[in-house]
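Hello,

Here is the structure I promised to hand over. Please open it alongside this note.

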Amino acid sequence: MFSCFESLEFLFSFSCWREETEPGCYKTGTGLCSRHTEQDILREDSGSLWTQTQTNNPTGLQTSWATMETEKKTQSAAEQMTDRDLSEQIKEVTRENHVRAENTEMMLSFQKGQVTLEQYKLLLCSLYEIYRALEEELNRNCNHPGVAPIYFPTELARLESIEKDLEFFYGQDWREKIVVPTATKRYCHRLRQIGQENPEFLLAHAYTRYLGDLSGGQVLGRIAQKSMGLKSNDGLLFFAFPGVSSPNLFKQLYRSRMNSVELTEEQRSGVLEEAVRAFELNIQVFDDLQKLLSVTGNQQQNSSTHSKPVKTLQIPGIITNLSPLLRIVLGLFLALATVSMGVYTF
(Lines give C-alpha, C1' and ligand atoms only; values in the text may rest on other atoms or scores of the structure.)
Protein backbone atom coordinates (compact mmCIF):
# COMPACT_ATOMS: atom_id res chain seq x y z
CA MET A 1 0.00 0.00 0.00
CA PHE A 2 1.29 3.45 -0.83
CA SER A 3 0.02 6.81 0.28
CA CYS A 4 -1.71 9.29 -1.96
CA PHE A 5 0.95 11.80 -1.02
CA GLU A 6 3.48 9.57 -2.76
CA SER A 7 1.27 9.08 -5.78
CA LEU A 8 -0.01 12.63 -6.12
CA GLU A 9 2.53 14.68 -4.17
CA PHE A 10 -2.89 13.67 -9.15
CA LEU A 11 -1.95 10.25 -9.77
CA PHE A 12 5.20 14.50 -5.58
CA SER A 13 18.40 15.62 -5.71
CA PHE A 14 20.44 17.79 -5.32
CA SER A 15 23.25 16.97 -7.73
CA CYS A 16 24.98 20.32 -7.52
CA TRP A 17 23.98 22.27 -4.40
CA ARG A 18 26.90 24.70 -4.33
CA GLU A 19 26.82 25.42 -8.05
CA GLU A 20 23.08 25.90 -8.40
CA THR A 21 22.89 28.34 -5.49
CA GLU A 22 25.32 30.63 -7.23
CA PRO A 23 23.36 33.01 -9.52
CA GLY A 24 23.11 31.97 -13.15
CA CYS A 25 25.08 28.79 -12.63
CA TYR A 26 22.58 26.12 -13.63
CA LYS A 27 21.24 25.16 -17.00
CA THR A 28 17.51 25.55 -16.96
CA GLY A 29 15.71 22.40 -18.02
CA THR A 30 18.69 20.05 -18.02
CA GLY A 31 19.13 19.28 -14.35
CA LEU A 32 22.86 19.90 -14.81
CA CYS A 33 24.97 22.81 -13.66
CA SER A 34 26.96 24.77 -16.19
CA ARG A 35 30.15 23.57 -14.52
CA HIS A 36 29.29 20.04 -15.54
CA THR A 37 29.06 18.85 -19.11
CA GLU A 38 26.18 17.22 -20.93
CA GLN A 39 28.11 13.95 -20.52
CA ASP A 40 27.50 13.99 -16.77
CA ILE A 41 25.11 11.21 -15.91
CA LEU A 42 23.24 10.15 -12.80
CA ARG A 43 23.83 6.53 -11.91
CA GLU A 44 20.76 5.19 -10.17
CA ASP A 45 22.50 2.11 -8.82
CA SER A 46 24.98 4.11 -6.78
CA GLY A 47 22.88 7.20 -6.13
CA SER A 48 25.90 9.33 -7.00
CA LEU A 49 26.69 11.69 -9.80
CA TRP A 50 29.46 10.16 -11.88
CA THR A 51 31.40 12.16 -14.40
CA GLN A 52 32.16 10.53 -17.74
CA THR A 53 35.76 11.09 -18.78
CA GLN A 54 38.06 9.78 -21.47
CA THR A 55 40.46 7.51 -19.59
CA ASN A 56 42.15 4.17 -20.04
CA ASN A 57 39.48 2.66 -17.88
CA PRO A 58 37.47 0.27 -20.12
CA THR A 59 34.22 1.56 -18.69
CA GLY A 60 35.08 5.17 -19.42
CA LEU A 61 33.83 6.18 -15.98
CA GLN A 62 35.77 7.75 -13.18
CA THR A 63 34.49 8.86 -9.79
CA SER A 64 34.54 12.59 -9.23
CA TRP A 65 35.57 13.27 -5.63
CA ALA A 66 34.40 16.86 -5.89
CA THR A 67 30.99 15.62 -6.92
CA MET A 68 30.84 13.17 -4.02
CA GLU A 69 31.62 16.01 -1.63
CA THR A 70 28.91 18.09 -3.29
CA GLU A 71 26.44 15.27 -2.79
CA LYS A 72 27.25 15.11 0.92
CA LYS A 73 26.55 18.83 1.16
CA THR A 74 23.22 18.44 -0.61
CA GLN A 75 22.12 15.64 1.71
CA SER A 76 23.07 17.78 4.69
CA ALA A 77 21.19 20.73 3.25
CA ALA A 78 18.13 18.56 2.68
CA GLU A 79 18.16 17.57 6.34
CA GLN A 80 18.25 21.24 7.31
CA MET A 81 15.07 22.20 5.46
CA THR A 82 12.85 24.30 7.67
CA ASP A 83 9.15 24.98 7.85
CA ARG A 84 9.83 28.14 5.89
CA ASP A 85 10.78 26.18 2.80
CA LEU A 86 8.06 26.41 0.20
CA SER A 87 8.02 22.65 -0.44
CA GLU A 88 7.52 21.94 3.27
CA GLN A 89 4.80 24.55 3.53
CA ILE A 90 2.94 23.03 0.60
CA LYS A 91 3.09 19.61 2.26
CA GLU A 92 1.64 21.07 5.44
CA VAL A 93 -1.23 23.06 3.94
CA THR A 94 -2.32 20.19 1.66
CA ARG A 95 -2.12 17.41 4.25
CA GLU A 96 -5.89 17.19 4.69
CA ASN A 97 -6.39 17.25 0.93
CA HIS A 98 -4.08 14.24 0.62
CA VAL A 99 -6.41 12.21 2.79
CA ARG A 100 -9.46 13.24 0.81
CA ALA A 101 -7.80 12.54 -2.51
CA GLU A 102 -6.65 9.17 -1.21
CA ASN A 103 -10.25 8.17 -0.60
CA THR A 104 -11.70 9.05 -3.99
CA GLU A 105 -13.10 6.05 -5.81
CA MET A 106 -10.56 6.44 -8.60
CA MET A 107 -7.56 6.35 -6.27
CA LEU A 108 -9.02 3.50 -4.23
CA SER A 109 -9.27 1.47 -7.42
CA PHE A 110 -5.57 2.00 -8.01
CA GLN A 111 -4.66 1.17 -4.43
CA LYS A 112 -6.71 -2.04 -4.51
CA GLY A 113 -5.27 -3.02 -7.87
CA GLN A 114 -8.72 -2.92 -9.44
CA VAL A 115 -8.37 -0.14 -11.99
CA THR A 116 -10.31 -0.98 -15.15
CA LEU A 117 -9.38 -0.28 -18.74
CA GLU A 118 -12.25 2.20 -19.08
CA GLN A 119 -11.17 4.02 -15.92
CA TYR A 120 -7.62 4.32 -17.17
CA LYS A 121 -8.57 5.41 -20.67
CA LEU A 122 -10.84 8.18 -19.37
CA LEU A 123 -8.15 9.23 -16.90
CA LEU A 124 -5.67 9.53 -19.77
CA CYS A 125 -8.10 11.74 -21.68
CA SER A 126 -8.27 14.17 -18.76
CA LEU A 127 -4.52 14.02 -18.14
CA TYR A 128 -3.94 14.93 -21.77
CA GLU A 129 -5.99 18.11 -21.48
CA ILE A 130 -4.49 19.01 -18.10
CA TYR A 131 -0.88 18.51 -19.15
CA ARG A 132 -1.42 20.26 -22.45
CA ALA A 133 -2.60 23.35 -20.56
CA LEU A 134 0.11 23.10 -17.91
CA GLU A 135 3.01 22.54 -20.27
CA GLU A 136 1.92 25.18 -22.74
CA GLU A 137 1.80 27.71 -19.91
CA LEU A 138 5.15 26.55 -18.51
CA ASN A 139 6.71 26.84 -21.97
CA ARG A 140 5.27 30.29 -22.48
CA ASN A 141 6.52 31.47 -19.08
CA CYS A 142 9.80 29.55 -19.04
CA ASN A 143 11.82 32.76 -18.53
CA HIS A 144 9.64 34.05 -15.71
CA PRO A 145 11.64 34.17 -12.43
CA GLY A 146 8.97 32.12 -10.70
CA VAL A 147 9.03 29.39 -13.34
CA ALA A 148 12.57 29.21 -14.76
CA PRO A 149 14.17 27.40 -11.80
CA ILE A 150 11.67 24.49 -11.96
CA TYR A 151 11.43 24.31 -15.76
CA PHE A 152 12.55 20.78 -16.73
CA PRO A 153 10.84 19.94 -20.05
CA THR A 154 13.37 17.29 -21.06
CA GLU A 155 13.07 15.38 -17.81
CA LEU A 156 9.41 15.88 -16.89
CA ALA A 157 7.21 16.72 -19.90
CA ARG A 158 4.31 14.24 -20.11
CA LEU A 159 2.29 15.40 -23.11
CA GLU A 160 4.05 13.39 -25.81
CA SER A 161 3.92 10.22 -23.71
CA ILE A 162 0.20 10.66 -23.07
CA GLU A 163 -0.44 11.17 -26.79
CA LYS A 164 1.28 7.86 -27.56
CA ASP A 165 -0.74 6.10 -24.87
CA LEU A 166 -3.99 7.51 -26.24
CA GLU A 167 -3.08 6.41 -29.74
CA PHE A 168 -2.41 2.89 -28.44
CA PHE A 169 -5.85 2.64 -26.83
CA TYR A 170 -8.00 4.69 -29.24
CA GLY A 171 -6.15 4.51 -32.57
CA GLN A 172 -4.73 7.25 -34.78
CA ASP A 173 -7.97 9.24 -34.65
CA TRP A 174 -7.87 9.39 -30.83
CA ARG A 175 -8.31 13.17 -30.82
CA GLU A 176 -11.82 12.69 -32.15
CA LYS A 177 -12.69 10.13 -29.48
CA ILE A 178 -11.45 11.59 -26.20
CA VAL A 179 -14.06 12.66 -23.66
CA VAL A 180 -13.44 14.87 -20.62
CA PRO A 181 -15.77 15.90 -17.78
CA THR A 182 -16.58 19.47 -16.78
CA ALA A 183 -14.11 19.36 -13.88
CA THR A 184 -11.23 18.75 -16.30
CA LYS A 185 -12.20 21.79 -18.36
CA ARG A 186 -12.40 23.82 -15.17
CA TYR A 187 -8.91 22.67 -14.17
CA CYS A 188 -7.50 23.61 -17.59
CA HIS A 189 -9.17 27.01 -17.46
CA ARG A 190 -7.51 27.71 -14.13
CA LEU A 191 -4.08 26.78 -15.51
CA ARG A 192 -4.56 29.12 -18.47
CA GLN A 193 -5.75 31.89 -16.18
CA ILE A 194 -2.78 31.85 -13.82
CA GLY A 195 -0.40 31.42 -16.75
CA GLN A 196 -1.64 34.80 -17.93
CA GLU A 197 -2.08 36.56 -14.59
CA ASN A 198 0.16 34.90 -11.97
CA PRO A 199 2.80 32.65 -13.60
CA GLU A 200 4.49 32.00 -10.24
CA PHE A 201 1.35 30.08 -9.19
CA LEU A 202 2.30 27.46 -11.79
CA LEU A 203 4.85 26.36 -9.16
CA ALA A 204 2.08 24.79 -7.13
CA HIS A 205 0.58 22.85 -10.03
CA ALA A 206 3.91 21.70 -11.45
CA TYR A 207 5.04 20.49 -8.02
CA THR A 208 1.77 18.69 -7.34
CA ARG A 209 1.60 17.01 -10.71
CA TYR A 210 5.18 16.23 -11.71
CA LEU A 211 6.58 15.19 -8.35
CA GLY A 212 3.45 13.19 -7.69
CA ASP A 213 3.87 11.32 -10.98
CA LEU A 214 7.56 10.83 -10.32
CA SER A 215 6.97 9.58 -6.77
CA GLY A 216 4.15 7.15 -7.37
CA GLY A 217 4.49 6.67 -11.11
CA GLN A 218 6.44 3.42 -11.03
CA VAL A 219 4.06 1.84 -8.53
CA LEU A 220 0.93 3.06 -10.31
CA GLY A 221 2.31 1.88 -13.64
CA ARG A 222 2.80 -1.65 -12.36
CA ILE A 223 -0.64 -1.69 -10.76
CA ALA A 224 -2.29 -0.46 -13.97
CA GLN A 225 -0.41 -3.00 -16.09
CA LYS A 226 -1.43 -5.90 -13.85
CA SER A 227 -5.02 -4.74 -13.37
CA MET A 228 -5.64 -4.31 -17.10
CA GLY A 229 -3.72 -7.44 -18.10
CA LEU A 230 -1.32 -5.59 -20.39
CA LYS A 231 1.59 -7.71 -21.61
CA SER A 232 3.98 -4.83 -22.27
CA ASN A 233 4.50 -1.17 -21.42
CA ASP A 234 2.43 -0.09 -24.42
CA GLY A 235 -0.18 2.35 -23.15
CA LEU A 236 1.81 3.05 -19.96
CA LEU A 237 4.37 5.57 -21.20
CA PHE A 238 2.82 8.23 -18.99
CA PHE A 239 4.46 6.56 -16.00
CA ALA A 240 7.94 6.38 -17.55
CA PHE A 241 10.58 9.07 -17.00
CA PRO A 242 13.54 8.07 -19.20
CA GLY A 243 15.20 11.45 -18.62
CA VAL A 244 15.41 10.90 -14.86
CA SER A 245 17.92 8.28 -13.77
CA SER A 246 17.50 8.80 -10.03
CA PRO A 247 14.01 9.95 -8.99
CA ASN A 248 15.05 10.58 -5.38
CA LEU A 249 17.99 12.81 -6.30
CA PHE A 250 15.95 14.61 -8.91
CA LYS A 251 13.15 15.33 -6.43
CA GLN A 252 15.70 16.80 -4.07
CA LEU A 253 17.02 18.99 -6.86
CA TYR A 254 13.51 20.05 -7.82
CA ARG A 255 12.58 20.99 -4.25
CA SER A 256 15.79 22.96 -3.79
CA ARG A 257 15.11 24.91 -7.00
CA MET A 258 11.55 25.59 -5.91
CA ASN A 259 12.66 26.73 -2.47
CA SER A 260 15.15 29.10 -4.10
CA VAL A 261 12.42 31.04 -5.94
CA GLU A 262 12.15 34.54 -4.48
CA LEU A 263 8.57 35.38 -3.57
CA THR A 264 6.95 38.18 -1.66
CA GLU A 265 4.81 37.18 1.31
CA GLU A 266 1.71 37.86 -0.77
CA GLN A 267 2.99 35.69 -3.62
CA ARG A 268 3.97 32.90 -1.23
CA SER A 269 0.50 32.91 0.29
CA GLY A 270 -0.95 32.80 -3.20
CA VAL A 271 1.20 29.79 -4.15
CA LEU A 272 0.11 27.94 -1.00
CA GLU A 273 -3.54 28.65 -1.72
CA GLU A 274 -3.00 27.49 -5.29
CA ALA A 275 -1.51 24.21 -4.03
CA VAL A 276 -4.69 23.55 -2.08
CA ARG A 277 -6.73 24.48 -5.15
CA ALA A 278 -4.63 22.10 -7.27
CA PHE A 279 -5.57 19.17 -5.04
CA GLU A 280 -9.20 20.22 -5.00
CA LEU A 281 -9.26 20.39 -8.78
CA ASN A 282 -7.72 16.92 -8.99
CA ILE A 283 -10.29 15.53 -6.56
CA GLN A 284 -13.10 17.05 -8.62
CA VAL A 285 -11.65 15.50 -11.78
CA PHE A 286 -11.52 12.06 -10.13
CA ASP A 287 -15.11 12.36 -8.92
CA ASP A 288 -16.38 13.55 -12.30
CA LEU A 289 -14.58 10.72 -14.07
CA GLN A 290 -16.35 8.18 -11.88
CA LYS A 291 -19.71 9.84 -12.57
CA LEU A 292 -18.93 9.75 -16.29
CA LEU A 293 -18.09 6.06 -16.02
CA SER A 294 -21.36 5.39 -14.20
CA VAL A 295 -23.41 7.22 -16.84
CA THR A 296 -21.58 5.43 -19.65
CA GLY A 297 -22.10 2.08 -17.97
CA ASN A 298 -25.83 2.68 -17.54
CA GLN A 299 -26.21 3.78 -21.15
CA GLN A 300 -24.46 0.65 -22.36
CA GLN A 301 -26.65 -1.51 -20.14
CA ASN A 302 -29.83 0.16 -21.37
CA SER A 303 -28.67 -0.09 -24.97
CA SER A 304 -27.99 -3.79 -24.49
CA THR A 305 -31.44 -4.31 -22.99
CA HIS A 306 -33.25 -2.43 -25.74
CA SER A 307 -31.36 -4.22 -28.48
CA LYS A 308 -32.73 -7.64 -27.43
CA PRO A 309 -35.60 -8.81 -29.71
CA VAL A 310 -38.93 -8.89 -27.91
CA LYS A 311 -40.97 -11.94 -28.78
CA THR A 312 -44.66 -11.09 -28.98
CA LEU A 313 -47.70 -12.75 -30.41
CA GLN A 314 -48.84 -10.64 -33.30
CA ILE A 315 -52.41 -11.86 -33.47
CA PRO A 316 -53.34 -10.74 -29.95
CA GLY A 317 -51.80 -7.39 -30.82
CA ILE A 318 -54.11 -7.15 -33.77
CA ILE A 319 -57.06 -8.30 -31.75
CA THR A 320 -56.66 -5.48 -29.25
CA ASN A 321 -57.05 -2.95 -32.05
CA LEU A 322 -60.33 -4.45 -33.34
CA SER A 323 -63.89 -3.70 -32.33
CA PRO A 324 -65.43 -5.83 -29.55
CA LEU A 325 -67.67 -7.73 -31.99
CA LEU A 326 -64.83 -8.59 -34.32
CA ARG A 327 -62.66 -9.65 -31.37
CA ILE A 328 -65.40 -12.12 -30.29
CA VAL A 329 -65.75 -13.55 -33.80
CA LEU A 330 -62.00 -13.86 -34.29
CA GLY A 331 -61.66 -15.43 -30.84
CA LEU A 332 -64.26 -18.11 -31.68
CA PHE A 333 -62.46 -18.77 -34.94
CA LEU A 334 -59.16 -19.32 -33.17
CA ALA A 335 -60.81 -21.60 -30.62
CA LEU A 336 -62.39 -23.76 -33.35
CA ALA A 337 -59.09 -23.86 -35.22
CA THR A 338 -57.28 -25.03 -32.09
CA VAL A 339 -59.82 -27.79 -31.42
CA SER A 340 -59.68 -28.93 -35.06
CA MET A 341 -55.89 -29.10 -34.97
CA GLY A 342 -56.06 -31.13 -31.76
CA VAL A 343 -58.50 -33.64 -33.22
CA TYR A 344 -56.39 -33.93 -36.38
CA THR A 345 -53.22 -34.52 -34.46
CA PHE A 346 -54.51 -37.26 -32.23
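This is a predicted model: local features need pLDDT of at least 70, side-chain atom pairs count only at pLDDT 80 or more; totals for chains, interfaces and linings use all residues.

The whole chain. The protein chain has 346 residues, and 47% of them count as buried. Its secondary structure comprises 15 helices and 3 strands.

Helix α7 covers residues 117-140, and helix α9 covers residues 159-170. Their axes come within 9 Å and cross at roughly 150 degrees. Angles over 145 degrees count as roughly antiparallel, so α7 is roughly antiparallel to α9. The crossing of α7 past α9 is left-handed. On the α7 side, the contact residues include Leu117, Tyr120, Leu124, Tyr128, Arg132 and Glu135. On the α9 side, they include Leu159, Ile162, Glu163, Leu166 and Tyr170. By class, this contact of α7 with α9 has 13 nonpolar and 5 charged residues, and no polar ones.

The pair α10 and α11. Helix α10 spans residues 182-197, and helix α11 spans residues 202-228. They pack at an angle of about 135 degrees, with axes 10 Å apart. α10 and α11 are therefore oblique to each other. From α10, Tyr187, Leu191, Ile194 and Gly195 take part in the contact. They meet Leu202, His205 and Arg209 of α11. The contact of α10 with α11 divides into 4 nonpolar, 2 polar and 1 charged residues.

Best regards

How values were computed. Residues are numbered from 1 along each chain as its sequence is written. Side-chain values use heavy atoms; hydrogens and water are left out. Helices (H or I, at least four residues) and strands (E, at least two) are DSSP runs, numbered from the N terminus. Buried means under 20% relative accessible area, exposed over 50%, partly exposed in between (1.4 Å probe, protein chains only). Axes are lines fitted to C-alpha atoms, for helices over the stretch in contact, and angles run from 0 to 180 degrees between N-to-C directions. Angles under 35 degrees count as roughly parallel, over 145 as roughly antiparallel, 65 to 115 as roughly perpendicular and the rest as oblique. A crossing is left-handed if the near helix is turned anticlockwise from the far one by less than a right angle, and right-handed if clockwise. Contact means heavy atoms within 4.5 Å. Ala, Val, Leu, Ile, Met, Phe, Trp, Tyr, Cys and Pro count as nonpolar, Asp, Glu, Lys and Arg as charged, and the others, Gly among them, as polar.
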